[in-house]
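Let's take a friendly walk through a protein model and see what its atoms can tell us. Have a look at the sequence and the 3D view first, and then read on.

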Amino acid sequence: SLQWDESCDVLVVGSGAGAMTAALRAHDLGSRVLVVEKSDRYGGTSAISGGGIWIPCNHRIEALGGQDSAEEAVAYIRAVTQGEIDDGRIEAYVEQGRRMVRYLDEHSRVHFEAQPRYADYYPEVPGGKPGFRSMDPLPFDARHLGAEFARMREPSPGTLMMGRMGMTMKEAQVLLCRGPGWVGLTLKIFWRYWRDLPGRLRSRRDRFLTLGNALVAALRCSLLDRQVPLWLECRLERLIEEEGRVVGAELVRAGRRLRVRAQRGVVLGAGGFERNPLMRSQYHPQPSRAEWSATPPWNTGDAIRAGQALGAATALMDHSWWAPTTHVEGEEKGRALFVERTLPGCIMVNSAGQRFVNEAAPYTDIVYAMYEHNREGATSVPCWLVFDAEFRRKYPCGALLPGYAMPDSRIPRHLQRYFHKADSLRELALKTGIDATGLLRTLERFNPMAEAGRDLDFHKGESLFDRYYGDPTVTPNPCLAPLLKAPFYAIQVNAGDIGTKGGLLTDPHARVLREDRSPIAGLYAIGNSAASMMGRTYPGAGSTIGPAMTFGFVAANHIHGAA
Ligand code: FAD
């Protein structure tokens, strides 16, 4: 009855890590797959991310001398999600996550290594682990991608050395606090970049890919090996349903409307709605601004709304993968503050000059605290990160490189208004609008505690997780130092995110559910298009891409009746 312009077995909407994992697996199970991407670049937020995945019981743990079990992993997720997520999805995640990684390791160009020292975010909770569950993608050589390299979304400058040279998570950690061998490492990174002369002649973009770019490149390359098509500038408009089953979708490609038939199913991996101001004002705590997000500007909830139009249920719409961010004039997205708050010599304060949170807490918890404590006269959305000259000299902060690499006299013009600087705390307060008396009182209390290494108010540096990004050369507490040395600095911190986590409600097979909990045949949702199976929390590094890829794999399996 319907006219189709194009036909495939499985239509995958979006090109983040989850979507491409679904596409790969569906192809390998025998389907003709089409991947469509709304923007002119593939990779989504996944491409600009750390690319880490949190996979309990992964197949690398034992060889590294670690230990894990499905029971412990399930108990941990259940505890941190506080009963909000049904056991079926948690068990499916733990069971299928490790299968997904092993599958990619054996059948594709996508390879991960486990991080022995990257602790779960709540290692003290029963079933929590001091390391091994977070996995980082191995570096990837962009030359394998050929011309397709130019169509991949570029990494965030904040994840590159001097804003242009690729580095691995491990390398970044050595450089962060100038750990042993940092000079040699810096030279090695320079050499790696400059010896690629053909690459340098073409563009300044580094072909030694790491983090999210390595992950997305490896996935895209694996799809190219299989000749799976990926259409850019092609967006989902609407799903097409026939007798209660999704049979295809209406897409817009370069201004032209297309009806694409999907014989076996549609997988929605089109991200969340973090860049949709209307949806943010409808669902999120206020104030909430799309430009505070650290994600590219394309995830506007299209897939979620397409599902809702068919009667799909949603959950967790008022939550995000929150992360504090700072805004650099002229940049299209915020920069997430993952590590700098943890380092010694800074505090986060509200407009009354008071601390209100452990600065080293997981990023999601920081923004929860910002909203929880936000009130008139003591505004914490946005709030301030305040630090002294010693911190400025030693560490990077948002868009600022450490002072030893970028002294104040050499800060580029576009960053001049990014931060406030003053010779005294009182003057800094005047410049930022922070209450001066409050700020002075806070530091009167904080500085002696920092000196002694005990934060009696918020316990910064007590958790194993806090210390991961601390400065190991600072004792007794690698996350605490007094703010003593002028000049003093402040940058504004926004209630940002690295994606929303509310979306379509799904079952353990990634099927989209109606309000009455019956599945919509032929329709699957993964990544941030689906309501997160991690509830309000963030169990460990890689808790968004881990599930996105796992349920991409699960969806493809279910479509093909494979276990
Ligand atoms: P995306 O990767 O954003 O992909 C969605 C794609 O769908 C986009 O390309 C978008 O353009 C496309 N799209 C949108 N609408 C349509 C439409 N109508 N039709 C077709 N296509 C559409 N998470 C981790 O787990 N580990 C990390 O190490 C990590 N590090 C991060 C670091 C940074 C700096 C940031 C910003 C985020 C990080 N995150 C990390 C979070 C993580 O990157 C995202 O939450 C995750 O990648 C979202 O995956 P997704 O597949 O849902 O969406």
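## Rings, a ligand and hidden spaces

By the rule used here, the count comes to 20 aromatic pairs. That rule pairs rings of Phe, Tyr and Trp (its six-membered ring) if their centres lie within 6.5 Å, and it calls planes under 30 degrees apart stacked, over 60 edge-to-face and the rest tilted. Take Tyr 103 and Phe 553: their ring centres are 5.4 Å apart and their planes stand at 45 degrees, so this pair is tilted. Tyr 103 belongs to helix 4 (residues 87-107) and Phe 553 to helix 16, so the pair ties together parts that are 450 residues apart in sequence. Helices (H or I, at least four residues) and strands (E, at least two) are DSSP runs, numbered from the N terminus.

The model is predicted, so local features need pLDDT of at least 70 and side-chain atom pairs count only at pLDDT 80 or more, while totals for chains, interfaces and linings use all residues. Residues are numbered from 1 along each chain as its sequence is written, and side-chain values use heavy atoms, with hydrogens and water left out.

Now to the ligand. Which residues are the closest to the ligand? Of the 35 residues that surround the ligand, the closest are Glu 37, Ser 46, Asn 528, Thr 544 and Ile 545. The table lists some polar contacts, which are pairs of N or O atoms within 3.5 Å.

| Residue | Protein atom | Ligand atom | Distance |
|---|---|---|---|
| Gly 44 | polar backbone atom | oxygen | 3.3 Å |
| Ile 498 | backbone N or O atom | oxygen | 3.2 Å |
| Thr 544 | side-chain N or O atom | nitrogen | 2.8 Å |

Taken alone, the ligand exposes 1,000 Å², and the protein buries 96% of that. These accessible areas come from the Shrake-Rupley method with a 1.4 Å probe. Helix 2 and strand 11 (234-242) are the elements that give two or more residues to the shell around the ligand, and helix 2 gives the most, with 4 residues. By class, the shell has 12 nonpolar, 19 polar and 4 charged residues. In this scheme Ala, Val, Leu, Ile, Met, Phe, Trp, Tyr, Cys and Pro count as nonpolar, Asp, Glu, Lys and Arg as charged, and the others, Gly among them, as polar.

The structure holds 2 cavities of 30 Å³ or more. On a 1 Å grid over the protein atoms alone, a cavity is a set of points where a 1.4 Å probe fits but cannot get out, and lining residues have an atom within 4 Å of a point. Grid points are joined across faces, edges and corners, and a volume is the space filled by probe spheres set on the points.

The largest cavity has a volume of about 140 Å³. Of its 17 lining residues, the closest to the centre are Gly 527, Ala 530, Ala 531, Ser 532 and Pro 547. Helix 16 (residues 545-559) supplies the largest share of this lining, 3 residues. The lining divides into 10 nonpolar, 5 polar and 2 charged residues.

The second largest cavity holds about 40 Å³ of space. Its lining has 5 nonpolar, 5 polar and no charged residues, among them Ala 47, Pro 155 and Leu 211. Helix 2 (44-48) and helix 8 (211-225) each supply at least two lining residues, with the largest share, 3 residues, coming from helix 8. Leu 211 lies in helix 8, and its phi is near 50 degrees, a positive value in a residue other than glycine.

Finally, look at the backbone. A cis peptide bond joins Gln 286 and Pro 287, with omega about -5 degrees. Pro 287 sits in the loop between helix 9 (277-283) and helix 10 (302-308). The peptide bond from Thr 475 to Pro 476 is cis, with omega near -5 degrees, and Pro 476 lies in the loop between helix 15 (464-468) and strand 20 (488-500).

Notes. 1 Å grid on protein atoms, 1.4 Å probe; cavity = no way out; pocket = protein on both sides within 12 Å on 5 of 7 lines; lining within 4 Å. Near = heavy atom within 4 Å. Polar contact = N/O pair within 3.5 Å; in protein donor to acceptor, adjacent residues only side chain to side chain.
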